[in-house]
Amino acid sequence: MIPPDMTVFGHDPWWLILIKAVAIFAFLLLTVLVAILLERKILGRMQMRYGPNRVGPFGILQSLADGIKLALKEGLVPAGVDKPIYLMAPAISVTTAILAFAVMPLGPVVSVFGHRTPLQLTDLPVAVLYVLAITSIGVYGIVLAGWASGSTYPLLGGLRSSAQVVSYEIAMALSFAAVFLYAGTMSTSGIVAAQEKTWYVVLLLPSFAVYLTAMVGETNRAPFDLPEAEGELVGGFHTEYSSLKFAMFYLAEYVNMTTVSALATTLFLGGWRAPWPLSIWDGANTGWIPLIWFVVKVWMFLFVFMWLRATLPRLRYDQFMALGWKLLIPTSLIWIMIVAILHSVGHAGIIDNLIAAAVLLIVLLAANSLRHRLVQRKAAPPPLPPKAGAFPIPPMPGTPAARKEKADA
């Protein structure tokens, strides 16, 4: 394991820090504009129709047109809202979404106007915990928006979002624990350095699967977009928002998608490191070229978000919460115990971890099969006696009464 080199941070002049901050903001803004356009085009193709193709060549200016349209709309403030909090909520969501990207390593140390500086705004010994803390604060924007709107449906959407984030942040944090054990650090640059030989998606596949599920729930994206389910809550927490205030929530959602995708890239896919066999070339991980690998990996996760939206139906809320509490969290706890034991006895190779992952899968399948058998063995409630003159109702298939009727026949 390579210890994190924190000495490269904290020595940049103020103008270089400002350039990197503006560059990160521009990168996020451009990513959001492109993601909105590509999502509409990808969804269109998956649904056998055209996406945007009118505004600009091949519709590439559609996102810009949507932004101008939202900016020119009248900004209504409904009567009865708590106005200071109502106006503050979108700002909280978008600010925390952007701040979380400050510790993401986009590349190695490069030369900028004669100064050697890492392609990362800053780093911390507990950088991953900083990302978790910032994203946790971001949910306050959603909760406060629902509460301050003074309407029933936004309030329900805000409450759903708070319960959702609490549930899935636990599973997300537990999936990080195995990464911390292997890397020996919580620094994002240190975790990338520790994956020089083998990416953690290979060593810690169950952790990656849990994080992949939790990050979709964390960002309120389909099929986990319960806080803004239009069939139940009109529009959810942002029902009473319009114009630029609604646009800020929209921006925060896509920036959060980019942030969790960058975090998945950093923790499990080697960060800015080139994939094999490109990593054999010495120049693949030096200079500005690694920035390309980082962006490609982030866009791979963004495509998964769009793919899920096009293919999976929305879950019921009880199914969604049961998935987090009854499957993801227990799976993470069992996997952490297996990884900790293997790591403590010195067996941390790929084969050992694959065997451990297979054992975990067998245990989960056995537990699920046992649960189904116990459910089936429960005695069915006795049928109600038919009322006089009522039409006879046949028993439900699979019940003891149905089996008895079949045997008698």
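How many helices and strands does the secondary structure of the protein come to? I began there, keeping in mind that the model is predicted. The answer is 14 helices and two strands.

**Entry: overall numbers.** I looked up burial next, and 43% of the 409 residues count as buried. The exposed surface comes to about 21700 Å², with 71% of it supplied by carbon and sulfur atoms. I then took the contacts between residues at least 6 apart in sequence; 78% of these join residues at least 24 apart.

**Entry: salt bridges.** Side chains of opposite charge can pair when their charged atoms come close. I counted seven salt bridges in the protein. I started with Arg 221 and Glu 253, whose closest N and O atoms are 3.1 Å apart. Arg 221 sits in the loop between helix H8 (205-218) and helix H9 (230-233), and Glu 253 belongs to helix H10 (residues 243-268), so this pair ties together parts 32 residues apart in sequence. I checked the burial of both partners: Arg 221 is buried, and Glu 253 is buried too.

The next pair I looked up was Arg 314 with Asp 225, a salt bridge at 2.9 Å from N to O. Arg 314 lies in the loop between helix H11 (290-311) and helix H12 (317-344), while Asp 225 lies in the loop between H8 and H9, so the parts tied together are 89 residues apart in sequence.

**Entry: helix H2.** I listed the buried residues of H2 (residues 62-72): Gln 62, Ser 63, Asp 66 and Leu 70. Why are they on the same side of H2? They cover an arc of only 100° around the axis, and that puts them on one side. An α-helix has 3.6 residues a turn, so residues three or four places apart point the same way. I then looked up what covers the buried residues of H2, and the cover includes helix H1 (14-46) and H10.

**Entry: nonpolar cores.** The largest nonpolar core has 73 residues, and those touching the most other members are Phe 176, Tyr 200, Leu 204, Tyr 211 and Met 215. Leaving aside neighbours within four places in sequence, Met 215 is in contact with Met 172, Val 260, Ala 264, Phe 301 and Phe 305. I also found a second, separate core of nine residues, including Ala 145, Phe 237, Tyr 241 and Phe 249.

**Entry: record against model.** The unreviewed UniProt entry lists residues under "transmembrane region", among them 199-217 and 288-308. I checked these two spans in the model. Residues 199-217 are 89% helix and 0% strand, with the end C-alpha atoms 24 Å apart. Residues 288-308 are 90% helix and 0% strand, and here the end C-alpha atoms lie 32 Å apart.

Technical notes. Residues are numbered from 1 along each chain as its sequence is written. This is a predicted model: local features need pLDDT of at least 70, side-chain atom pairs count only at pLDDT 80 or more; totals for chains, interfaces and linings use all residues. Side-chain values use heavy atoms; hydrogens and water are left out. A salt bridge is a side-chain nitrogen of Lys or Arg within 4 Å of a carboxyl oxygen of Asp or Glu. Helices (H or I, at least four residues) and strands (E, at least two) are DSSP runs, numbered from the N terminus. Buried means under 20% relative accessible area, exposed over 50%, partly exposed in between (1.4 Å probe, protein chains only). Contact means heavy atoms within 4.5 Å. Accessible areas come from the Shrake-Rupley method with a 1.4 Å probe; for residues, only the protein chains shown count as cover. The arc is that of the directions from the helix axis to the C-beta atoms. A nonpolar core is a set of buried Ala, Val, Leu, Ile, Met, Phe, Trp, Tyr and Cys residues joined through side-chain atoms within 4.5 Å. UniProt positions are given in the numbering used here, feature names are shortened, and annotations may be inferred rather than shown by experiment.
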